[in-house]
Amino acid sequence: MKTTLLRTPTTRCRFGTAREDITPPVGAYHRMWGAAKHDRSTGIHRPLVADAVVLEPINGDRTQQQVFVMLDHCLFRPPEMKEVRARTCELLKLPSERLTILFSHTHGAGLLTRERANLPGGDLIGPYLDSLPALIATAVERAIASIQPVTLTYGSTDCRMGHHRDAFDETAGIFVCGFNPDIDWPLPVKTIRATNAAGQIVATLVNYPCHPTTLAWENTLVSPDYIGALRETVEAATSAPCVFTLAPCGDIGPKADYVGDVSIADNNGRQVGFAALQALAAMPPAQHDFAYRGPVFSGATLGDWRYQPQTDEHAALTARFETRRVIVPLDYLPGMPTVDAVKSEMIQLAQDEAAASARGDAAEVARLRALIERKRRLIERIAPLPSGQYPYPVEIWTLGDATWIAVDGEPYYAVQSEIQRRFPDRTLIFVTLSNGALASYVPTREAYEKALYQVEVAHVAPGSLERIIDGITAALSGAL
């Protein structure tokens, strides 16, 4: 036995959290899916929330304060993202580089952009977005008011609620975005327990890589998808807030997916919640490592392992609090369409839809309606892209024994799994959709060879994900 001490990944810092309800009004524009037949929401499954988490060094240096806000929305397009961040920072008098907005990515919240104001329920989008910065700022202010010294303890276990979703339909001869039973990945539920000086749990953070797409075109209710029941499950057991963050999952979705039955979303959430509770139950007391004390001679010769307080040397490392930003330049896909060309195609599709409606062809109307929605989303994605190369942002925080990494857009899971493989002894927490989704999907090089939805809507060239992985690897190598 070469190993006689198992260190518990730990961060010592100052921590505060608070929550605000950000549920849109019933009747607001809700259509998220091309196949949906409704435009307006008809009710609420579970409320949407904004969770604010504020972190500071253990010495209380507020100049290094970092603010994370997790929103129960799918994503915001660049104009709305810029507006919400700027107004929130203004209200808080907070430098923009210290605010990171993340998304649960629920597809049950609706796609809220001001450009859709002319659609049914779109008149409610503007007032809702106008109200959001104040709600976020209130959550952050309350989180700051609650800040206290804590110990963050990290644990992990697996959950198979989420599955690989790039599947080939051999009968139809096409790729579909849905449960692929031929690949079984043990996806990690990374769980962070925040305990105060009295040993009380003040919050739990749960990180999992799976698209919240349980509820799809048949669902007309505003919903956080599986994340609502996940939080409820953990909070019932801990009597403390549970904050969810989404890990990279461009090629991962629930096994039970694309339904209108909210009970299935709740069941999916409970699966992840129970896994998080398993990880919590396996954690040692705060600031303790697991050490071998030697043999004990009994009826058998036993190996005696016990939890013991962390050494002064380890404790000093757990107080590290460092932030840096990395830009990885990415090439665009060759032959990307122009906004004007896509608008012309959308106009033609709208004319075709009107003709199909006039002749009573409901199936063709539904097909064209979905295609028009695809074109509308394409315009929303490509119009704000910068010229030249795409400057892909990566935020890295070294917090004690752990490294938190925030990435833009929707990269494939490989960005997390490959970097974890390269740094097997490092505790890594990946979060995605950081400050928006301007990069769209970032598939693996291999995926570009397939006719996949994620490739169809990608902006960056093959090899981009691998370039991001190498960029993060270089940054981490310099930090270790």
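Is Phe-244 buried or exposed? At 3% relative accessibility, Phe-244 counts as buried, where buried means under 20% relative accessible area, exposed over 50% and partly exposed in between, with a 1.4 Å probe and protein chains only. The model is predicted, so that local features need pLDDT of at least 70 and side-chain atom pairs count only at pLDDT 80 or more, while totals for chains, interfaces and linings use all residues. Residues are numbered from 1 along each chain as its sequence is written, and side-chain values use heavy atoms, with hydrogens and water left out.

**View A. The aromatic pair of Tyr-226 and Phe-244.** These two rings are edge-to-face, 6.0 Å centre to centre with 85 degrees between the planes; rings of Phe, Tyr and Trp (its six-membered ring) pair if their centres lie within 6.5 Å, and planes under 30 degrees apart count as stacked, over 60 as edge-to-face and the rest as tilted. Tyr-226 is buried as well, at a relative accessible area of 0%.

**View B. The largest nonpolar core.** This core has 64 residues, and Leu-71, Tyr-208, Tyr-226 and Val-272 have the most contacts inside it; a nonpolar core is a set of buried Ala, Val, Leu, Ile, Met, Phe, Trp, Tyr and Cys residues joined through side-chain atoms within 4.5 Å. A second, separate core of 35 residues includes Tyr-332, Leu-385, Tyr-390 and Leu-428.

**View C. The ring cluster.** Phe-290, Tyr-292, Trp-305 and Tyr-307 are linked into a cluster by ring pairs, and a search of the whole structure finds 14 aromatic pairs.
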